[in-house]
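User: I would like to go through this model with you, starting with strand pairing and then moving on to domains and chains. Could you take my questions one at a time?

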Amino acid sequence: MKSRKLTAILAVMAMTAGLTACGSQAAAPQSAAGSDTGATEAGGVEITVTTTFAGEDTNAKNYKDAVAAWEQETGNKVSDTSATSDETFKTRVITDFETGSEPDVLFFFNGADANDFVNAGKVVSIEDIRAEFPEYASNMNDDLIAASPADGVKYAVPVNGFWEAMFVNTKVLEEAGVSMPGADYTWDQFLADCGKIKDAGYTPIAAALGNIPHYWWEFCIFNQQSPKDHLNIPESAGDAVGEQWVKGLEDIKDLYEKGFFPDNTLSATDDETFAMFTDDKAAFLLDGSWKVGGIVGACQSDPDDPSTLDAEKVGHFDVTYFPGKGDRKATDLVGGLSMGYYITQKAWEDPDRKDAAVSFVEYMTSDEVVPKFAQHTASALKNAPKTDESEFNALQVKAMNMMSGVTSLTGAVQDLFNGDCRVPTFDGMPDIVEGNVAAADAVQEGIDIYQDTLE
Amino acid sequence: MSNIYKSKKYILLFLLPAFLFLIIYLYYPFFVNIYSSFRSIRTLGTYGKKWNDPWFENYVKLAADPVVWISLKNTLLMIIATILGQVGIALILALLVDNVSRGTQFFRTVFFFPIVISATALGLLFNLIFLYDKGMLNQFLELFGKTELTDWKSEAYALTTMMIPVVWQYVGFYFVILETGLNNISEELYEAAAIDGATRFQRVWYISVPLLRNVICTCLTLGVTGALKVFDLPWTMFPKGMPLKMTFLTGTYMYYQTMEAKNVDYGATLAILIVVLGVVLSRLTRMVFKESEDL
């Protein structure tokens, strides 16, 4: 009798243990993603890293090469979860922090997008790291390292700066009889050119308003302002800044109503409209410096092999300034050093991964690696090496020439206007341009959310 | 000696682990979700800093939110597409395959194959098929002289474009169930009907379909409840309810509000709507598609 009772109890215990085992098994992938992995074979450590160096990013290949070189040099491993920089990427990273599955190292925005995990104390400040590793980011000019808007502390070590400007398909422009825009390009000239391009049977602007309206949002608002006041956030849609934002969105609506965006701009993805641009079907593409690599990659028969570059095709592309309006000159661009490498508290608390994470960031921000990433953009290096133009392709050289004429670089106000505040005007852009939602209402909704987050 | 079999406490002891599992992973989150729907939460994994004002604010918003009504309408359409498309087509295919003498196994494999492919991969596959520029379908139509490209993801076609792959993916699943049901029908009945002069169609209509009633009912119940859970394929093809938030289903809208818009408390409210909808529809389905005990 007793032995049967014992058997029954043991059976229950075995079942419970089985369930627990199932639980741990189910949790295994998460902990792998969340970098709970220990040391790998040969004494190496595996760290999880997420960056935006993926997809069509200019530095996607540089990043892969640098990671491989670091792995070879240190014997450590990188479990990489890099993805194209968009709202989904930002959401994923923030959600990972919220659910405790953040990576060990991340290359992420240093603006308000990082506020949640900075406020939660989930990343380690550069100062704290230097207390233990005095050489950490010592090659950087500290004045150029941006402090977090959440607490004024510096966390992210920058690599390359960025600029946002207007890429041009010169082949389309030629066929439409439009001349290449220059430093004095105005909004009215731009509207006239778009009309000509449309009449010639081409799409004037390659943009997916239902997917990535960010760049148009930023510049059309900037066009109502000047570099001095662009980073102001309105208190209501009715105040002076709020009205500028509304007018900016109404400019996008005007472009949409004139038929200057692709026919499928509300249902297309950014990749689709980008393909229109590189396939000589659209004339203008407003995007960031990271798109140079994507355009060059589209001109290569093998996107990973620069030797397969079609020089004639890449010659069809140029980059210029976004048309100016009001107090903003065309040469006033959006740009800066808006991203950097963070080390998470999770990695910092694990002795093995702490060393590996610091080593990784030091390698990726070294004097040798940073220039490869920075190319035609800025960096925060104290001793930036001189660039040799012969190392760059035609579009990169054009980008450098364009940058030499820039009169100001201002940060993106959307980086200060937290993720979910942007939802009514980003995700709501199709409704705004269709007239289903008034621009003023969408702006006010975003401001309400912003003020709610400040409480 | 035999008391161990009579005593109920061992049964309870064996049921306990599963019960605990359900409490921790189902009932506890469910009640927390109800609580969350009254709070103001913008960060996942927290309960927020304050109550909504008024506390039932989200429920008022739910009733007034036009996108909720769009997602409910789309979910209803998805259920209809499931009943007619998935189960309907599967029934026709099963009856046809049942009437061929060779190759049954081949058809089973071919029709079942889409089930083993991940919905996300299928979403990407159909994205390429329905692509605006250079998509397979538009290129195919060009062969027949069509000069203008069709945007299959535009307002006019988006819902159909979303439902076709979902229906296509699960036809094979119901086909296998129905085919197995058909195999259980005695051959003698068909032989007797043939001797009596019944045509092939009459044999199907008067023997196969009535005797399959219970299997069809099971398929319909599975189909209706399954339609409420469709998520990955529509989200891959139409993220954020693109275009103009008109392709949202209740599940995708809840995900959007929680993960993308960071409106976590409203997402929790939508989750409650989904639970209520699921309970009501499964009860309704059980009433409508009641299995017959005569078969």
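User: How many bridges join strand E3 of chain A to E9(A)?
Analyst: In this predicted model, strand E3 (residues 105-109) of chain A is joined to E9(A) by 5 bridges, and the two strands run antiparallel.

User: Which residue in E9(A) is the bridge partner of A:Phe107?
Analyst: A:Phe107 has A:Tyr341 as its bridge partner in E9(A).

User: And how many residues of strand E9 of chain A are buried?
Analyst: Strand E9 (residues 339-343) of chain A is mostly covered, with 5 of its 5 residues buried.

User: Changing topic: into which domains is chain A divided?
Analyst: Domain 1 of chain A comprises 39-161 + 337-385, and domain 2 comprises 164-334 + 392-454. Taken over C-alpha atoms, the centres of these two domains of chain A are separated by 28 Å.

User: Now the chains: how many residues of chain B are in contact with chain A?
Analyst: In chain B, 25 residues are in contact with 29 residues of chain A. Helix H2 (9-36) and helix H13 (250-260) of chain B are the elements that give two or more residues to the chain B side. The largest share of that side, 5 residues, comes from H2(B).

User: What is the division of that side by class?
Analyst: The side of chain B that touches chain A has 15 nonpolar, 3 polar and 7 charged residues.

Note on methods:
Residues are numbered from 1 along each chain as its sequence is written. Chains are lettered from A and ligands numbered from 1 in the order in which they are written. This is a predicted model: local features need pLDDT of at least 70, side-chain atom pairs count only at pLDDT 80 or more; totals for chains, interfaces and linings use all residues. Two residues are in contact if their C-beta atoms, placed from the backbone, lie within 7 Å. Helices (H or I, at least four residues) and strands (E, at least two) are DSSP runs, numbered from the N terminus. Ala, Val, Leu, Ile, Met, Phe, Trp, Tyr, Cys and Pro count as nonpolar, Asp, Glu, Lys and Arg as charged, and the others, Gly among them, as polar. Domain bounds come from an automatic or database domain assignment. A residue is buried if 20 or more other C-beta atoms lie within 10 Å of its own, exposed if 12 or fewer, and partly exposed in between; C-beta atoms are placed from the backbone. Two strands pair if DSSP finds at least two bridges between them.
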